[in-house]
Amino acid sequence: MKKSKFLKLKVREASFITRALISSKHPVLAHLIPMRRCNLACGYCNEYDHTSKPIDLEIVKSRLDKLADLGTSIVTISGGEPMMHPELDQVIHHIRVRGMIAGLISNGYYFTPERIKRLNKAGLEYLQISIDNVEPDEVSRKSLRVLDKKLRYLSEYADFHVNINSVIGGGIKNPDDALTVAKRATELGFSTTVGVIHDSDGTLKPLLAKEKDIFQQVKKLGNKDHARLNWFQDSIAEGKPYNWRCRAGARYLYICEDGLVHWCSQQRGYPGIPLSEYTMEDFDREYNTEKWCAPTCTLQCVHQVGILDNWRDPQKTPEQMAKEQKGREAVGEMVRAD
Ligand code: SF4
Ligand code: SF4
């Protein structure tokens, strides 16, 4: 990434963080799915199919417009494999036109010099690729050996920030692979992070002693900003619950291919309201509601967004929220009767 573009991005990030600290009334990060289809079938993944069609560009743009109108700061395009969407460049361009930071999560398979140059032109600012192992196996083909050539292309041509995420847990056979991946990423000039893989319902699998050791080594190699923001991972690696306030459904939004708002990829169905009908009332309810799955949650990006508000606005249980809602309705009825 060119130095001038990197500095501009850092300034924009700083202004988005300041805005998020001053006001809690807008989404900070949205993950948007323009396509559920994927070319791979990772053993731990519950976020793909092999048959669905790409969502029409105009529909995706209208969802981006709604996110921009809600004041969203960052939109990350995810999947399935979003690089399979034939109009991905226009999607990214539209995020930038609406003044938001444009990110992409991909399995890396489709990067060629020509494709990377098109993403530069579209205005992509962040890319994350997760690499699960060194050699492909029955759990995952997101492997360093298969992707190394793609990483070299990215190192040479990408004018956007590239982060390589390695993973530990969840059936990954050789924990040492995470260290090999992180070292290679650093060598090529990328930032690195490490994630603990969740099981099929998004909750924690405790790490073995060897995994814990590698996990700490990879963290040391990685992106210092992320390491500072990911305190929760130390508790999770120890198999201990972590106390935090998940603001999913408000500060973080997950928009599926059907245009519904969900808490996150692992809690689809809640609240399950169409984005086009999402109001600040929905936002406030989700912002203030405690999530049952928070103590063992491993989703890094939602934790990072949560840090912005962890120091304010304690949350209430769904039961307390329902009671308050009933109280408000009763007062409303009395006023109407009057
Ligand atoms: S590449 Fe990503 S979306 Fe596709 S199956 Fe693997 S983890 Fe799931
Ligand atoms: S705590 Fe939040 S981000 Fe984590 S699984 Fe639950 S709803 Fe999703």
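## Helix packing: α5 and α6

Helix α5 crosses α6 with right-handed geometry (right-handed: the near helix is turned clockwise from the far one by less than a right angle; left-handed: anticlockwise). Helices here are DSSP runs of H or I with at least four residues, strands are runs of E with at least two, and both are numbered from the N terminus. This is a predicted model, in which local features need pLDDT of at least 70 and side-chain atom pairs pLDDT 80 or more, while totals for chains, interfaces and linings use all residues. Residues are numbered from 1 along each chain, chains are lettered from A and ligands numbered from 1 as written, and side-chain values use heavy atoms without hydrogens or water.

The α5 helix spans residues 144-157; its axis and that of α6 come within 11 Å and cross at roughly 10°. Axes are lines fitted to C-alpha atoms over the stretch in contact, with angles from 0 to 180 degrees between N-to-C directions. The pair is therefore roughly parallel (under 35 degrees). Leu144, Asp148 and Arg152 of α5 meet Thr180, Val181 and Arg184 of α6 (contact: heavy atoms within 4.5 Å). That contact has two nonpolar, one polar and three charged residues. Ala, Val, Leu, Ile, Met, Phe, Trp, Tyr, Cys and Pro count as nonpolar, Asp, Glu, Lys and Arg as charged, and the others, Gly among them, as polar.

## Helix packing: α6 and α7

Helix α6 (176-187) also packs with α7 (209-221), at about 10° and with axes 8 Å apart. These two are therefore roughly parallel as well. The α6 side of the contact includes Leu179, Ala182 and Lys183; the α7 side includes Ile214, Val218 and Leu221. By class, there are six nonpolar, two polar and three charged residues.

## Ligand shells

## Backbone geometry

Gly79 and Gly80 are joined by a cis peptide bond, omega about 20°. Gly80 sits in the loop between β2 (74-77) and α3 (88-97). A cis bond also runs from Tyr270 to Pro271, omega near -10°. Pro271 belongs to strand β9 (271-274).

Asp313 is not a glycine, yet its phi is positive, about 50°.

Conventions. Angles under 35 degrees count as roughly parallel, over 145 as roughly antiparallel, 65 to 115 as roughly perpendicular and the rest as oblique.
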